[in-house]
Amino acid sequence: MSFSLSSSFSFSTKTTHLSDSIRFSLPSHLKVRTNIWTRRPLGSSSISPLRRRSCKCCSSMSAAEPVSSPQDYILYSRAYWVSRTVIAWNVNVGDGSCFLYASKYASLLNSDDEIQGYHHKIKLHEDTAGLSANVKEKFPHIRDYRAFKVPSDLDVKNLVKCQLVIAAYQPNGQLKDATGLQIAGVLDDLFSYHGPLGAVFSKEFVTLYLWAPTAQVVRACLYQDPSSSSPIEVIKLDELNGVWTATGPKSWEGCYYVYEVSVYHASTSQIEKVIANDPYARGLSADGQRTFLVDLSSDALKPEGWDNLPDEKPPLHSFSDISIYELHVRDFSANDPTVPSEFCGGYLAFTSQDSAGIRHLKRLSSAGITHLHLLPTFQFAGVADERDKWKNADNQLLESLPPDSDGQQAHITAIQNDDGYNWGYNPVLWGVPKGSYASDPNGSCRTLEFRKMVQALNRLGFRVVLDVVYNHLHASGPSDEKSVLDKIVPGYYVRRNTDGHIENSTCTNNTASENFMVERLIIDDLLCWAVDYKVDGFRFDLMGHIMKRTMVNAKNVLSSLSKDANGVEGSDIYLYGEGWDFGEVAKNARGTNASQFNVHGTGIGSFNDRIRDALLGGSPFGHPLQQGFVTGLLLQPNGYDHGGKEVEKKMLAVAKDHIQVGMAANLKDFVLTNCGGQEVKGSEVYSYDGISVAYASNPTETVNYISAHDNETLFDIISLKTPAGISVDERCRLNHLATSIIAFSQGIPFFHAGDEILRSKSLDRDSYNSGDWFNRLQLQFKQLGDWPSS
């Protein structure tokens, strides 16, 4: 496979200042964005996350202050109810006593050195045998906690609906310690559920199923349309073993609903009456205000020929044949004048048969690209679904400004939180297409148009990959309108630290796939995209924060799908993701996670940052001018002090070892002659901090790349790291050298949209919210038809 370009690109000679030590020419329409080097690294240089898009949503429970007095004890959740019969707590009761307190109305308080306001007080006894092996396996971060036995006759199913506090007392009766409880373990033990969830349609009825074992009351408020102020019906749901249900007539289909849930929420220490969407929603009103009752099996929602699409999909003989092209839905068409204006920036732009963008995709397909990876297309926060709510940039003004002006950035920054652009890594609901990409965000339009997009791309020769973000949620707590899961079962879907506060290492509101029903929701969601939308692959954002068990179970379930039974061939669905190992899950601290080293042998791919860093130099978190194999290390110095020529020689030699291993798909057992003249395995080649470069057992477990949506584009980073004096032509050749190494390596090659046409984002390394102007893909070139075919 090769990527060929015409030689008729023209660049301005206008000089833009990047720093005191480097300057170079950029395309005339571009302006270097400022404040681009101030991101905090989230991992080591050897296993470096591609971080990214700053999230503006931080949990109110993210930072814990030291306990200042016994009155503050119960504001924390430092004990774990890990199973029906065991509570784990890191407190030595000794000769004292221990009690569990429960209040149905959340009236517990610590007054006069004792717990008051309870409805139930249960004496607990320490189990000197400690926690069992299976508890330690599920909760490795509390493996050394003490075990307290819960009485066997206790009505635990009703108790978990209450405010809970465990307290330890001295032998003289003085309060020693007290805390709230984290109850995910006991919920899994008692309420793990395999039955239907969401809205289930039959010929005559619609039945709602909601898993909410800690809820005290659940009602569904049914609305005729997306904006009416009063419900046409309020339905009280009945509970059985933590699952709430209600059945209504078929006429409910096409209506909208929300759940009203009364539930104890530890973040406020109160019983909250919350309004929430269905976690298993398959349709939404604009901005996710209400869940839309849509039957995805309805013929009215199927494009012509939809049921036959599995037989039309491009051939895929082996995962080894895959080549991936990463693209954002808006980037593809938002600025393309050959696309009908009503389609620009949306799903239907991919159905425009003769647009400049489609012609470009056809060339890519002919060149060997097999899979189109779309950045998040589920319902995310940060962009209003209704286009008339957007603030739009004045492109005429932007075009008129000189390339070294601050005006472009000032203009975009002023509207960036109110325009139509965001990468989409702010998940609200995982199982519904994003409304802002549809011509109408209400009703079933987004479903039909998403299917048309998948169908059109398949017919162009591409299988479709969705970028899924199961590692975190945009919002939590009982009051945020974008909070869903944490309203329904507070504290369960999110991963919490040993104080009970939500972990935020991914960005915010980390999810806990180690919990049974979280894993189930993830897998059910994947099944929906695979079966109901006929998606061909999934890229997992921060996959290392998901448990390996979840990923393997997901792969097995998807692989079991068949055209005869499910309408799709599951064995052709490829899974890959970011296997970075950092935060609270690092080194398997919360269980075996889906990190690079842990997923070998599973057939699941992970991004290879080793070959990226060796080719470019440094890492996304090192000095931006540090050079590598293709950016001039040793041979074309840019003025950055790498430590002298001898150091540079050693760095270049080591980089070549890393590249050799990467070109052999990062296989652990691949044998090479290293820079010291020794024959070694890939697993015996080490990074600067002593971590093995190779981690894969199979070539399809390695996704080789040199650029992605995170960090600078390939052309930008090469322009930044290479000497100021080299020509634009030489930078272009370096660009193609870098992509060629990726293309001709074993493993799965991955390319960021625009790598092949020298795309620039004005050095913006985190353009998640930088609007169409800085993210635009200029595919509408007149010379496109003159592109060589190979």
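The model is predicted; local features need pLDDT of at least 70, side-chain atom pairs count only at pLDDT 80 or more, and totals for chains, interfaces and linings use all residues. Residues are numbered from 1 along each chain as its sequence is written, and side-chain values use heavy atoms, with hydrogens and water left out. Ten cavities of 30 Å³ or more are counted. The largest pocket has a volume of about 470 Å³.

**Terms for spaces**

- On a 1 Å grid over the protein atoms alone, a cavity is a set of points where a 1.4 Å probe fits but cannot get out.
- A pocket is an open set with protein on both sides within 12 Å along at least five of seven lines; lining residues have an atom within 4 Å of a point.
- Grid points are joined across faces, edges and corners, and a volume is the space filled by probe spheres set on the points.

**Largest cavity**

- The largest cavity has a volume of about 350 Å³.
- It is lined by 29 residues, and Leu 181, Tyr 264, Ala 266, Pro 490 and Arg 496 are the closest to its centre.
- Strands β10 (163–169), β11 (175–182) and β18 (256–265) each supply at least two lining residues. Strands (E, at least two residues) and helices (H or I, at least four) are DSSP runs, numbered from the N terminus.
- The lining holds 18 nonpolar, nine polar and two charged residues. Here Ala, Val, Leu, Ile, Met, Phe, Trp, Tyr, Cys and Pro count as nonpolar, Asp, Glu, Lys and Arg as charged, and the others, Gly among them, as polar.

**Second largest cavity**

- The second largest cavity has a volume of about 200 Å³.
- Of its 21 lining residues, Leu 616, Pro 620, Asn 711, Glu 712 and Ile 717 are the closest to the centre.
- Helices α14 (609–616) and α16 (714–721) are the elements that give two or more residues to this lining. The largest share, three residues, comes from α14.
- Nine residues of this lining are nonpolar, six polar and six charged.

**Largest pocket**

- The largest pocket has 23 lining residues; Leu 197, Ala 199, Tyr 280, Arg 282 and Asp 532 lie nearest its centre.
- Two or more lining residues come from each of β12 (198–201), β20 (291–292) and α11 (516–532). Helix α11 gives the largest share, five residues.
- The pocket lining divides into 14 nonpolar, three polar and six charged residues.

- Helix α15 (residues 645–663) has 19 residues and should span 27 Å at 1.5 Å a residue; its end C-alpha atoms are 26 Å apart, which agrees. The expected span is 1.5 Å times one less than the number of residues.
- Contact means heavy atoms within 4.5 Å.
- Ala 665 follows α15 and has a positive phi, near 65°.
- Asn 666 lies in the loop between α15 and β29. Its phi is positive, about 55°, although Asn 666 is not a glycine. Asn 666 is buried, at a relative accessible area of 0%.

**Other single residues**

- Most residues other than glycine have a negative phi.
- Ala 106, in the loop between β5 (97–103) and β6 (109–111), has a positive phi of about 55°. Ala 106 counts as buried because its relative accessibility is 15%.
- Gln 455 sits in helix α9 (residues 445–460) and counts as buried at 7% relative accessibility.
- Leaving out residues up to four places away in sequence, Gln 455 touches Pro 303, Glu 304, Gly 305, Trp 306 and Leu 309.

Technical notes. Buried < 20%, exposed > 50% of the residue type's maximum accessible area, 1.4 Å probe, protein only.
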